[in-house]
Amino acid sequence: MDRETAHRRRWGALTVLIICLLVLVADNTILNVALRVLSDPEQGVGASQAQLAWAINSYTLVFAGLLFTFGVLGDRWGRRRLLASGLFVFGVASALSAYSQSPEQLIAARAAMGFGAAMVMPQTLSIITDVFPSDERPRAIGIWAGAVGLALAIGPTAGGLLLENFWWGSIFLINVPFVLVGLSLIFVLIPESRDENPGRLDLVGVLLSIPGLVLLIYGVITAGERASLTDPDVVVALLGGLGVLTLFVLHEKRVDDPSLDVRFFRDPRFSVSIAVILLLFFSMAGIIFFMSFYWQSVREFSPLVAGLLVLPSAVGQMIFAPLSPTLVRKAGPRSVAAGGIVAVCCSFVFFAVIQQDTPIPLIMLFFFVQAAAMATVLTPATDAIVSSVPPGKAGAASAVQNTARQIATALGVAVLGAVISVHYRSALSPELQRVAAEEGVPEERARTAGESIEATMTLVRELGDAGRVLVAPAKEAFVSGMHLAALVSLAFGLVGLVVVLIWLPRSSGGGGERGERGRGPGTRSG
């Protein structure tokens, strides 16, 4: 495909990239509303709390661990090629997940889905960087980011509908038609592109990045699950991951053709944008994840209703992500980013005082504000990241951005989850021990029941009327734990605000021009 044809078809190419993005993002949001069903031995696969966690974590570990690798390889081997290959792997693994017969099979299939998703995700942004000129790129990235909001709406709503009408495997099988549509259009609308002068493959750097990221994220996830940083395997994983990543950075500074040119971080548009993404996704991740338990366990809504209540967030992101480039042109990136972070922090204040009977419309309003504010920050931040590097390195830059999001999300769920978990156990323990002693519940079973509100509700169902006395204390303990987590999120959001006000440039000048200068020798479409 020549350059002129690729330019004419650029909006069609964006449509295909959005389909790929929808599949990946919607899948994870679908899984969140299905956790309770998957734990049921009759309706689901009888997964324990730990197995449910690993159904999520196996995907996250593989996805985050290989994002950077496939971003680099996409720049070298061809972005369209890896996009199509990854989408195919994701579709096959989705079908395997749907027909899993045990938690172990589901965990393995989810890991394979993470492998395919890692091939797809970095290519979506790098292809946008290649096919759109600098004056249209912010708008294209805004639409790309708005598609995340659409996926947030599709995922939980579709998941709730499927779970109410079909068996649990349908939440994974729904990915297959989207994959087939995407694969049928990729080779028609998307040009092949790669870095024409990549230099020698930095094999050592690529190989160092994988265990470094996997060990770090594993340590973070495991520490969050156990609410402890002192377990030997957690300490080894965290220190090992940080050690390997330190070796990676030192290696990248010394080689002539690095996988990641660390000099990119000298540009404040690149480094500050990465820092803001880290801080905001850390702050948001735990709140978003545990709100699903608030809806289903505290408010006792069905998965379908819980999915529908995500719609305000989706609408906020869909509306404001495409609008944010216009806001940046009028007010500048610093003002837009600072205003967005202030609005996000206001939402954290609200979640710090939310109650069991807080009016639903009020919660939905703050969901909308939160998502809209995030969109106004993340769209220009993403554009700054991919525009501040040569187009030939867009895949690596996209992978850095996505890896930062994954690490921050894992950290947020782990740290904020630990905050909620520790408080929950402490607050519920006296009542739980009393009921366990009266009903003859074994000590180990009582301890397990105190790990989460879902585990407590399972014990309540087992005990029948005698267990109903635990419902009110469990809900109160969980909500008060959410208050503490929201305050932690607020603190990190304020750190992000300080970073933006001090270091983010007032204007976005330079990124597009630099990218266009690098297009000629640095990248090729065909």
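In the predicted model, Ala109 is a residue of helix H5. Its relative accessibility is 6%, so Ala109 counts as buried, the cut-off being 20%. Ala109 and Ser94 are 15 residues apart along the chain, and their C-alpha atoms are separated by 7.2 Å.

Helix H5 itself covers residues 103-131. The 29 residues of H5 should span 42 Å at 1.5 Å a residue, and the end C-alpha atoms of the helix are 42 Å apart, in agreement with that value.

H5 packs against helix H16, which runs over residues 394-439. The axes of the two helices are 8 Å apart, and the packing angle is about 130°. An angle of this size falls between the limits of 115 and 145 degrees, and H5 and H16 are therefore oblique to each other. The crossing of H5 and H16 is right-handed.

H16 also pairs with helix H18, formed by residues 453-463. In this pair the axes come within 12 Å and cross at roughly 15°. Because angles under 35 degrees count as roughly parallel, H16 is classed as roughly parallel to H18. H16 passes H18 in a left-handed crossing, whereas the crossing of H5 and H16 is right-handed.

Helix H11 comprises residues 268-298, a total of 31 residues. From the first C-alpha to the last, H11 reaches 43 Å, close to the 45 Å expected at 1.5 Å a residue. A bend of about 25° occurs in H11 at Met284. H11 is mostly covered, and 26 of its 31 residues are buried.

A further helix pair is made by H11 and H19, the latter consisting of residues 471-503. The axes of H11 and H19 come within 10 Å and cross at roughly 165°. This angle is over 145 degrees, and the two helices are therefore roughly antiparallel to each other. The crossing of H11 and H19 is left-handed.

The loops on either side of H11 were also examined. Val255 is located in the loop between helix H10 (232-254) and H11. Val255 has a relative accessibility of 25% and so counts as partly exposed, a class that lies between 20% and 50%. Val255 and Val204 are 51 residues apart in sequence, and the C-alpha to C-alpha distance between them is 10.0 Å. The phi of Glu300 is positive, at about 60°, although Glu300 is not a glycine.

Helix H15 is formed by residues 360-387. Its 28 residues should span 40 Å at 1.5 Å a residue, and this agrees with the 40 Å between its end C-alpha atoms. Of the 28 residues of H15, 20 are buried, so the helix is largely enclosed by the rest of the structure.

Another loop position, Pro191, is found between helix H8 (175-189) and strand S1 (193-194). With a relative accessibility of 1%, Pro191 counts as buried because its value is under 20%. Pro191 and Leu501 are 310 residues apart along the chain, and their C-alpha atoms are separated by 39 Å.

Cysteine pairing was considered last. A disulfide is a covalent bond between the sulfur atoms of two cysteines. The structure holds 0 disulfides. For Cys346, the closest cysteine sulfur is that of Cys345, at 7.2 Å, which is too far for a bond because a disulfide requires sulfur atoms within 2.5 Å. Cys346 is partly exposed, with a relative accessible area of 44%. Cys20, by contrast, is buried, with a relative accessible area of 0%.

How values were computed. Residues are numbered from 1 along each chain as its sequence is written. This is a predicted model: local features need pLDDT of at least 70, side-chain atom pairs count only at pLDDT 80 or more; totals for chains, interfaces and linings use all residues. Side-chain values use heavy atoms; hydrogens and water are left out. Helices (H or I, at least four residues) and strands (E, at least two) are DSSP runs, numbered from the N terminus. The expected span of a helix is 1.5 Å times one less than its number of residues. The bend at a residue is the angle between axes fitted to the seven residues ending there and the seven starting there. Buried means under 20% relative accessible area, exposed over 50%, partly exposed in between (1.4 Å probe, protein chains only). Axes are lines fitted to C-alpha atoms, for helices over the stretch in contact, and angles run from 0 to 180 degrees between N-to-C directions. Angles under 35 degrees count as roughly parallel, over 145 as roughly antiparallel, 65 to 115 as roughly perpendicular and the rest as oblique. A crossing is left-handed if the near helix is turned anticlockwise from the far one by less than a right angle, and right-handed if clockwise.
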